[in-house]
Amino acid sequence: NKIILKIYIFFQNIFNLNKNFNRLKKFENSNKQNITIESDFDYLRISKFWKIEKLEDKKNFLFISKRFSPHLNQLFIENKLNNINYFRLTNKFIKNKNECEIFFNYNKKKNINVLTKFKNDFDKEKMFWLSYFKKSNTKIYCTDEIWSYHTACAISAINEIGGVSCAIQTSYPAAGGNLVPWGITNSDVFFCLTKKIMHDHSRLNFKDTYLVTSGYPLDYEVYNDDKNFISEKNFLISNGAKRIISYFDINFTVEKDKRWMPSEVIINDYEFLLKKLLENKWLGLILKPKKRFNILKKIPKIKNLIEEGIKTKRLIIIDQKKRFRAYDISKISDVSIHASLNGTTSGYESSFYKKPVFFLNRDNWKASCFNVLDKNEVIFSTLEKLWLELHSNWQETTQKNILSWKKNKNIFDNFDDGKSNERLIDFLNFLYINLNNGYEKKKAIEVSVGKYKEKWGNDLVYKINKSQDEIDFSKIYKD
């Protein structure tokens, strides 16, 4: 049955791809040079983040998904209400393999074979994107998929035809500005979260790239918050919870993935918090696993604790399917705890509502930009130590935390206005107008940068003019 299902999906994907490419014919001979935006549209919603009404020429903006499939009901409604151009590109040549395996397990003969396979896959995927850009008459490609394999191929393809590539940063880098994906170092324009990250990245990029500070993409959600999670909070309170703690693990997986926190560390955290829940009838606990809840239920060490915790009715475990974001959970929590400084985005999101947010830094990770936050006020070496501080003096511990965030807020948010999406849309609109006014790529970008500076600020753009030979890697990686 599984084989039959795989064959069915394979042919269904080919059918959908051909169907979508046929729909592109109306753009091929268009007298306008179009924009293609690729994103996870459950994350950056088409109607809310991209603000259809603010696009310069809606009919010439194409929205596509390659790796993520948006929630179909939401997409149908947006298609119907906004008459958008949406295409699901299902064909994928590059498989989701861990590209780092060649560094983890060095074997000269094996690695040459792996690299040859990557090169062949790259060429096939690039041909796919060249065909797409030609059929859709796309001259601007913008994506938030900076860590995805196919993005490198797409950027290479759009650059080959003289188009403009733009990449959007949506999460805080674990290694500051030192380790960045290919998509950043080869895009023409890279939208950064902050000015600090912009200057950090400026040390590494290899070509004529414009770094543009636009802000954290989801900040608009806080200023336009129409969600209400009071029922979840009331559920915990009605069952005796006086204080609510939420906990976010990092990209936790039972498998031994060397990029993330070891699974046994996260399992120990869950065990500790679940035991505290059972011991303290005043405590409400919200757990937000990165992976699906089903994984947790299968772990012998915490399986019974989860079952007992659920019986108290003071435990909520957020399944991935419910599509809660970190700030949604922080809104109804008194305290939020993030498992590591090696990946801090959900911890940062939790700070949106100016409530106490704590990080654990058990492995003394120094590269994170969040290390500026005070130790033993925001950053703790162990969960046990943090618990003792909260349990012995809740009020003082949480107040110190809030003050530490407040005095460092400008490092993580240069705007505090909820308009990151407007800045990004403005830049893309400028690019679209300039290209369609007949400017060549380089001139179109330069004029767009000038317009952006004029509207939002002169210190928000940095141009890289380096070759690889000019970069002193020993200084970049000295830590």
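The model is predicted: local features need pLDDT of at least 70, side-chain atom pairs count only at pLDDT 80 or more, and totals for chains, interfaces and linings use all residues. Residues are numbered from 1 along each chain as its sequence is written, and side-chain values use heavy atoms, without hydrogens and water.

**Sheet**
- Eight strands form an open sheet with mixed pairing, in the order β3-β2-β1-β4-β5-β6-β7-β14; strands are DSSP runs of E of at least two residues, helices runs of H or I of at least four, numbered from the N terminus, and pairing requires at least two DSSP bridges.
- The edge strands, β3 (85-88) and β14 (461-463), each pair on one side only.

**Packed helices**
- Helix α6 (residues 149-160) touches β1, β4 and β5, contact meaning heavy atoms within 4.5 Å.
- The direction of α6 makes about 155° with that of β4; axes are lines fitted to C-alpha atoms, for helices over the stretch in contact, and angles run from 0 to 180 degrees between N-to-C directions.

**Salt bridges**
- The whole structure has 14 salt bridges, defined by a side-chain nitrogen of Lys or Arg within 4 Å of a carboxyl oxygen of Asp or Glu.
- Lys 66 pairs with Glu 125 at 3.2 Å between the closest N and O atoms.
- Lys 66 lies in the loop between β2 and α3 and Glu 125 in helix α5, so the pair ties together parts 59 residues apart in sequence.
- Both Lys 66 and Glu 125 are buried (under 20% relative accessible area; exposed is over 50%, partly exposed in between; 1.4 Å probe, protein chains only).
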